[in-house]
Amino acid sequence: MQKSLTNPNAGFGTLAVFMTAISTILGAILFLRFGYALANVGLGGLLGIIVIGHIVTIPTALAVAEIATNQRVQGGGAYYIISRSFGLNIGGAIGFALFMSQAVSVAFYIIAFGEAFDPLLQYIPWDVNPANAKRIATLILMTILSVIVIFRGANIGMKALYGVVALLFVSIAFLLMGKPLDENMTLSLNETVTDHDGFFYVFTIIFPAFTGMAAGLGLSGDLKDPKKSIPRGTLLATFVGMIIYVAVAFKLAASASVEEMASDQLIMSKIAIWGPIIPIGLAAACLSSAIGSLLVAPRTLQAIGYDAILPINNFNSWIAKGRKEDNEPINGSLITIGIAYFFIIIGDVDFVAQIISMFFMATYGAVCLISFLEHFASDPSYRPTFKYNRWIFSLVGALLSFWLMFKMNWGYAALSALIMGITYHLITISRPEKQGLEKLFKGVVFQLSRQIQIFVQRANKDEQTGHWRPFAICVSEDSFKRQSAFDMLRWICYKHGFGTYIHFLKGFLDRESHRESQKVLSRLINQSEGSKSRLYIDTIISPSYTSAIAQVIQLSGISGKGNNLILFEFSRNNPESLTYALDNYQLFEATGFDVCVLNSSYKGFGYRKEIHVWITANDFRNANLMILLAYIISGHPEWRNAVIKINATFPESQVERQRARLLELILGGRLPISPGNVNFLPLGEDQTTQSAIIKHSSDADLTVVGFTPKQVKEDKNILIDYGDMGNMLFVNTFIKKDIE
């Protein structure tokens, strides 16, 4: 595989880009199908098609100019731009579809070239089937072009292209100087044939004319200065093509009737001042477009091979290989020629031609989308020297491209999207290391996150009350010893809130400790990806746990709002870390934090089938938060089959009143808790709440219990001594929560 996608002898300039693009823009569609379009949608409709087509192509041309002046564009043209902006997986999916479109386009233009022989068939002295005669002519032409491209490459192809384009302009000039077929012709905007085709069907037939804009991009590896030549050549070809389209549309409408245009696809030859110039011009147009596609398609394939996109490494190396002296993609040319021969022999490319249009439209949309997302992301590294594009142009171009795909032909558009989707999936499976969608949206997500955080902060500046949701934070130095705190935080914040998990590293901040924190962070992120968590992961270096907590609870949080709940975890077999939570409780009370303490047992979270909530007479403030947390945890997919059971211990005299209150709370709060799972357990004189919990919840997968700072100061064992029970979550709320 060669070391670069560029031609070491690259010497082409702006003129080469212009010639390659304009030769396709002023191609077979202009000569063969503009009359058909006028007959079916009228002059107004054709002008509308030209306008809509250029609303797509002009933003794309501007986007191309912008992107090309922001990065060093090597070989591969549109594929190179898309893959370096969207990532190699997406770029490969679109690029492979683009290559197929370019390769089949060679056959499309060669077959169209055969139509130029219609006037000559009458001079053949023997009986011959017209279709066979045209097919023989196209095969001969394809063979000649193949020999030229394989043995002489882009240089001889470009020299031939200059002569062909010159002849093309002469043909158009002769047409514009021609006279109307009827001197009494009047110009009408809306006149059409009786049984005319619909607007978007005609647009589908005409659209290949607009695909020439991207043709010049394919020469990017052969350009001396791509940043200069691509913008100038592409924009010039686009605007020149638009002017000629409008001029030809008016000329045809003023020169022939709709019936004449519908019945004669070479009606231009009857209007031009010298009729034979039109078949000659058609042949020149088809020849130039075929040459352009035959030069561009192998370079797209070569770039795909260079990036090792396809699953077979040997095949990647083979198609990436270029001729030693000029990097000419000979192997890619052989594949392109083989595809072209196949479709020329078939002779009917109507189905494939519409797929081609879809792939080109997808390419245009992708280029516009790149430009829009780069503007939106505001990445400082995006500094194009071309300053004339605006994000609104790119957005309109992208939206219109994707919308038109489905308006033109919903079935073909869906099939094209399916093909690209399957290609992306196969590339991702075989090349998981290549960048995919994350590269596309990273900058966009950053900007959205920034704007949303600012919006949320401003929207909540005057908020006094509101529905509670968890903005939780956990600080732990045992991240790699026990998973329970991390799991509890991700369950609490899975859908209803935001969670930040911070690993504590004791020490002072210096180069060594910072390097260590980055290693720990990378390890934590990998762990987080494995569990599919939605937590924000970070580390903190501080000389003590107290100073770390003091810093952490002052963080604003990734949500744009301040955090409101802190989670601690300790092992029942080694409760030493519990002191970190208890010794700093004054900090949580000062800042209004709700506090959760997770008592981790060797039994873990069991089978995640039952959550028991214990409510006592001391839990007037805690009860609602305890029930709410149980409901939130049960909403996680890993707890989807869990049953919430509420056990209440109150004095006998309060049981009925508290039962009614709890049932009303559950019903009014629309909580998925069956009244049959609400149990009231009166305590005997010698029975404690702890003993009741151990007796009735020993098989629970998670037990939620309330506590108050006063209780813990008097006896911290109320958080510890629970024997062989599973994990327990102790909850203390700063302010009573409403459940409505």
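Me: How are helices and strands picked out and numbered here?
Reply: Helices (H or I, at least four residues) and strands (E, at least two) are DSSP runs, numbered from the N terminus. In this protein they come to 25 helices and 10 strands. Keep in mind that this is a predicted model, where local features need pLDDT of at least 70, side-chain atom pairs count only at pLDDT 80 or more, and totals for chains, interfaces and linings use all residues. Residues are numbered from 1 along each chain as its sequence is written, and side-chain values use heavy atoms, with hydrogens and water left out.

Me: Which residues of helix H21 form a ring pair, and how do I read it?
Reply: Rings of Phe, Tyr and Trp (its six-membered ring) pair if their centres lie within 6.5 Å; planes under 30 degrees apart count as stacked, over 60 as edge-to-face and the rest as tilted. The count comes to 22 aromatic pairs. Take Tyr-585 and Phe-588: their ring centres are 5.7 Å apart and their planes stand at 80°, so the pair is edge-to-face. Both residues lie in helix H21 (residues 585-591), three residues apart, about one turn of the helix.

Me: Are Tyr-585 and Phe-588 buried or exposed?
Reply: Buried means under 20% relative accessible area, exposed over 50%, and partly exposed in between (1.4 Å probe, protein chains only). Both Tyr-585 and Phe-588 are buried; for Tyr-585 the relative accessible area is 7%.

Me: Which aromatic pair does Tyr-585 form with a distant part of the chain?
Reply: Tyr-585 and Phe-707 form an edge-to-face pair, 6.3 Å centre to centre with 80° between the planes. Phe-707 sits in the loop between strand E9 (702-706) and helix H25 (709-714), 122 residues apart from Tyr-585. Phe-707 is buried too, with a relative accessible area of 1%.

Me: Now the strands, please. How many bridges join E1 and E2?
Reply: Two strands pair if DSSP finds at least two bridges between them. Strand E1 (residues 471-476) and E2 pair in the parallel sense over six bridges, with Val-475 opposite Ile-502 in E2. On E2 (residues 498-506), seven of the nine residues are buried. E2 also pairs with strand E3 (residues 536-542), again in the parallel sense, over seven bridges; here Thr-500 has Tyr-536 as its bridge partner in E3.

Me: What path does the chain take from E2 to E3?
Reply: A crossover is right-handed if, with the strands pointing away from the viewer, the path from the first strand over the helix to the second runs clockwise. The chain goes from E2 through helix H18 (residues 511-530) to E3, and this β-α-β crossover is right-handed. E1, helix H17 (residues 484-492) and E2 also make a right-handed β-α-β unit.
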